[in-house]
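Here are my notes on this model, meant for someone opening it for the first time. Please read them with the structure in view.

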Amino acid sequence: MSLQNFLSALDSLQSEAIATLDAASDAEAFEAARVKYVGQKKGALKDIQKQMGSVAADDRKSAGMRLNEVKQAIEKAVAEAQSRISGGGESGADPTFDPTLPGVRPTIGHVHPITQTITHLTEIMGRMGFEAAEGPEVEDPHHNFVALNIPEDHPARDPLDNFYLATAATGAEKQNVEGTRLLRSQTSTVQIRVMANRKPPIRVISLGRVYRPDDPDATHFPMFHQMEGLLVDTHVTMANLKTVLRVFATNYLGGDVEIRFRPSFFPFTEPSVEVDFLWDGNWIEFGGAGMVDPNVFRAVGYDPEEVSGFAFGLGVERLCMRRHGIKDIRDLYSGDMRFLSQF
Ligand code: PHE
């Protein structure tokens with residue numbers, strides 16, 4: 001075959017193949033065209049390649065170059081037709097897709113209102129120099145009671161008022177046995193853990209779960225959260241305590257919140273008070289507080305003649321519920337997304 005004829009055969013193959021592939025409108029037509037032009041066995045490209053042998057040896061180089069160009073052009077047309085028909089590529093956009101319809105909003109996670117409150121409280125207290133500390137929820141009687149100056153016969157240690165764990169020794173008389181464990185009933189346990197490991201000055205808060213066997217109602221739940229605060233230094237007074245609580249409440253609840261102390265009793269503080277905030281014209285109790293009892297300092301190896309301090313424990317749910325107008329604590333733990341996603 002002359003070079004001239006070979007080249008013109010290539011030209012017509014190229015235009016015919018590309019036109020056919022471009023016109024293929026379904027998978028069947030495409031497949032037929034693919035086999036016809038680039039099929040491994042009887043494809044037109046293979047066929048014409050074989051005819052190269054009949055071109056004069058001197059012309060073979062230019063014949064081969066042109067053959068390669070045609071081959072590439074056809075293969076490109078094959079790839080384009082394929083992606084158009086299989087739905088890929090710009091020209092193959094899915095005709096059932098309507099870009100003007102509103103999008104499907106993905107459901108993303110939501111931070112629980114109590115977790116949000118904990119973050120908020122930590123941030124407010126952090127600005128007053130209080131560092132967050134943590135302690136375990138499964139405690140021993142030493143941290144939950146003994147070091148907090150709560151004697152053996154104190155009603156707070158009653159098995160009916162605590163979740164003693166079944167793996168531990170049972171019965172009131174065995175509460176001091178090494179292995180006894182209970183779910184902590186207050187975050188004051190963290191006071192002991194922090195003081196036992198550090199030297200004053202100390203300024204910490206601890207936010208976490210506590211457990212008491214209460215029947216659930218609008219204001220009680222067997223698990224709730226407390227924010228414990230502890231400040232130990234020299235010459236600490238109750239005025240410092242009141243100021244910290246007032247600044248805290250003003251920040252969290254908004255407006256200039258008034259604080260009221262009512263005399264009370266806790267084994268680990270002396271004097272002890274109940275803390276009320278004036279909210280919406282009503283005095284509402286938010287927790288307990290007081291000056292750290294000398295016996296607590298002794299239990300952790302501090303000298304009560306040298307250091308003084310205050311501690312407080314506030315109910316986190318109570319704070320959160322007041323701020324958001326939540327009326328029933330059980331709503332927080334029902335797992336009902338219609339309720340929770342409002343916050
Ligand atoms: N732990 C006390 C309670 O749970 C609150 C409290 C904390 C009181 C610190 C005084 C000091 O009721």
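1. Strand 8 spans residues 269-279 and is mostly covered, with 8 of its 11 residues buried. Buried means under 20% relative accessible area, exposed over 50%, and partly exposed in between (1.4 Å probe, protein chains only). Strands (E, at least two residues) are DSSP runs, numbered from the N terminus.

2. This is a predicted model: local features need pLDDT of at least 70, side-chain atom pairs count only at pLDDT 80 or more, and totals for chains, interfaces and linings use all residues. Residues are numbered from 1 along each chain as its sequence is written, and side-chain values use heavy atoms, with hydrogens and water left out.

3. Strand 7 (residues 259-266) pairs with strand 8 in the antiparallel sense, over 7 bridges. Two strands pair if DSSP finds at least two bridges between them. Proline 263 has valine 273 of strand 8 as its bridge partner. The hairpin from strand 7 to strand 8 runs through 2 residues.

4. Strand 8 also pairs with strand 9 (residues 282-292), again antiparallel, over 9 bridges. Here glutamate 274 has glycine 288 of strand 9 as its bridge partner. This hairpin has 2 residues between the strands, and aspartate 280 takes a positive phi near 50° in it.

5. Now to another loop. Aspartate 217 lies between strand 5 (202-211) and strand 6 (223-233). Is aspartate 217 buried, partly exposed or exposed? Aspartate 217 counts as partly exposed because its relative accessibility is 32%.

Notes: Helix = DSSP H or I, 4+ residues; strand = E, 2+ residues; numbered from the N terminus.
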